Amino acid sequence: MRIKGLFWILTALLLSVLAIITYHAFYTESVSLFFLVEGLVLLTVLYLSVFYRRIIKPLHIIGNGMELLKEQDFSSRLSRVGQKEADRIVDIFNKMMEQLKNERLHLREQNHFLDLLINASPMGVIMLNLDKEVLSVNPAARKMLGISSLPDIVGKRLSELDSPLAAELEPIPLYDSQTVRLNDANIYKCTHSSFVDRGFHHSFYLVEMLTQEVFKAEKKAYEKVIRMIAHEVNNTTAGITSTLDTLEATFSEMQDTEDICEVLRVSIERCYSMSHFITNFADVVRIPEPQTKTQPLNAVVFSCKRFMETICLNRNIRIVMELDSVSPIVNLDNSLFEQVLVNIIKNASEAIGHDGEIYIRTSRNPVCLEIADTGKGIDKETEAKLFSPFFSTKRGGQGIGLIFIREVLQKHNCSFSLRTYADGLTRFRILFE
């Protein structure tokens with residue numbers, strides 16, 4: 001029972017006792033004395049009423065304040081009661097409520113700013129709950145994970161996501177950073193840390209894309225090396241070829257020198273082959289800027305398919321076209337992009353060897369070109385090295401095919417990936433912006 005109720009019960013009991021006592025003690029002896037005592041009782045009632053206003057009512061108001069705190073209603077205030085001591089408490093309480101209101105408003109503003117900052121950040125932010133399930137991700141992280149739909153991410157563990165980046169994030173120890181290179185030619189700096197919320201540690205990942213910085217550094221390094229090697233090789237082979245041509249012409253006029261002339265011709269051919277070999281490297285650093293124009297993607301694919309079909313037929317490889325009924329419209333440099341497709345289809349046919357299928361698919365939402373093959377596939381160790389300068393899985397390969405593809409697709413602002421999926425198909429996916 002509240003103090004207010006107890007107070008009035010006590011008052012009623014006291015007045016009842018006083019009334020009974022005065023009646024038996026004074027009414028039979030002196031009526032005037034009886035009414036005098038009753039008047040004193042009435043004054044007591046008035047005094048108790050004033051006492052209630054001074055003592056009990058401030059307590060009641062403070063109790064209401066406690067209810068406001070419990071409900072976290074920081075916008076309401078207590079009214080003064082006209083008593084110095086109680087009003088001092090009310091003033092302190094109202095000041096405290098104003099401070100709490102300002103702190104809450106400031107905290108909300110900070111959280112709103114933090115949310116805007118996280119959503120606008122180019123760094124990926126992935127927060128986990130206590131069960132190691134994804135609690136929230138920002139747009140940059142969704143793009144890096146390659147999953148556009150938020151429900152496909154939130155509430156799942158990283159191991160349950162169909163994303164190469166998620167598979168690389170999970171093993172990273174807490175408070176550690178690792179650099180990850182994926183099969184889409186992208187390079188990420190991944191940091192695993194935690195923050196405290198309501199006394200509990202929640203894990204989160206920061207993912208920073210280093211692709212452009214690393215590619216610029218790589219390109220600057222191999223451009224310098226290639227130019228230096230090309231200069232030295234071409235100057236040397238030019239002099240050697242000229243000398244060998246002169247010797248061949250001289251020996252060809254002599255008798256019994258056919259063997260020597262044959263050796264000289266082979267040497268000249270090797271010099272030309274060396275020059276052509278180094279020219280292929282030099283071409284990688286001389287890729288022109290694309291002259292793009294709007295055109296149907298299906299038509300570009302058909303053109304490349306006809307070009308590569310003969311090579312594939314010789315290997316008993318069937319090219320299966322699964323194109324969208326309405327061709328996606330894209331902006332691209334037809335000449336450069338056709339070279340990219342020829343390289344991809346050529347790599348797919350070499351991965352198959354003989355007897356297999358290459359599937360070419362287009363779609364509009366999102367605008368995507370996919371080239372899948374039934375070859376031997378790519379292992380995890382090789383995936384991490386794809387699109388690295390001069391890396392090749394082919395014996396005697398120069399490792400410039402995927403570099404050329406990477407450079408051209410990046411100039412077209414395309415994102416891409418190359419990996420072997422659980423169904424055994426190796427897919428090269430190109431997404432257009």
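**View 1. Helices H9 and H11 pack at an angle of about 145°, with their axes 10 Å apart.** The model is predicted, with local features requiring pLDDT of at least 70 and side-chain atom pairs pLDDT 80 or more, while totals for chains, interfaces and linings use all residues. Residues are numbered from 1 along each chain as its sequence is written, and side-chain values use heavy atoms, without hydrogens and water. Helices are DSSP runs of H or I with at least four residues, numbered from the N terminus. Axes are lines fitted to C-alpha atoms over the stretch in contact, and angles run from 0 to 180 degrees between N-to-C directions. H11 covers residues 401-411. Residues of H9 that meet H11 include Phe337, Val340 and Ile344; among their counterparts in H11 are Phe404, Val408 and Leu409. Contact means heavy atoms within 4.5 Å.

**View 2. The largest nonpolar core has 38 residues.** Such a core is a set of buried Ala, Val, Leu, Ile, Met, Phe, Trp, Tyr and Cys residues joined through side-chain atoms within 4.5 Å; buried means under 20% relative accessible area (1.4 Å probe, protein chains only). Helix H9 (residues 334-352) gives the largest share, 9 residues. Phe337, Ile358 and Leu409 are among the members that touch the most others. Beyond four places in sequence, Leu409 touches Phe337, Val340, Cys414, Phe416, Phe428 and Ile430. Another core, of 21 residues, lies apart and includes Val134 and Tyr205.

**View 3. Asn298 sits in helix H8 (residues 297-314).** This residue, Asn298, is buried, with a relative accessible area of 11%.

Note on methods. Buried < 20%, exposed > 50% of the residue type's maximum accessible area, 1.4 Å probe, protein only. Helix = DSSP H or I, 4+ residues; strand = E, 2+ residues; numbered from the N terminus.
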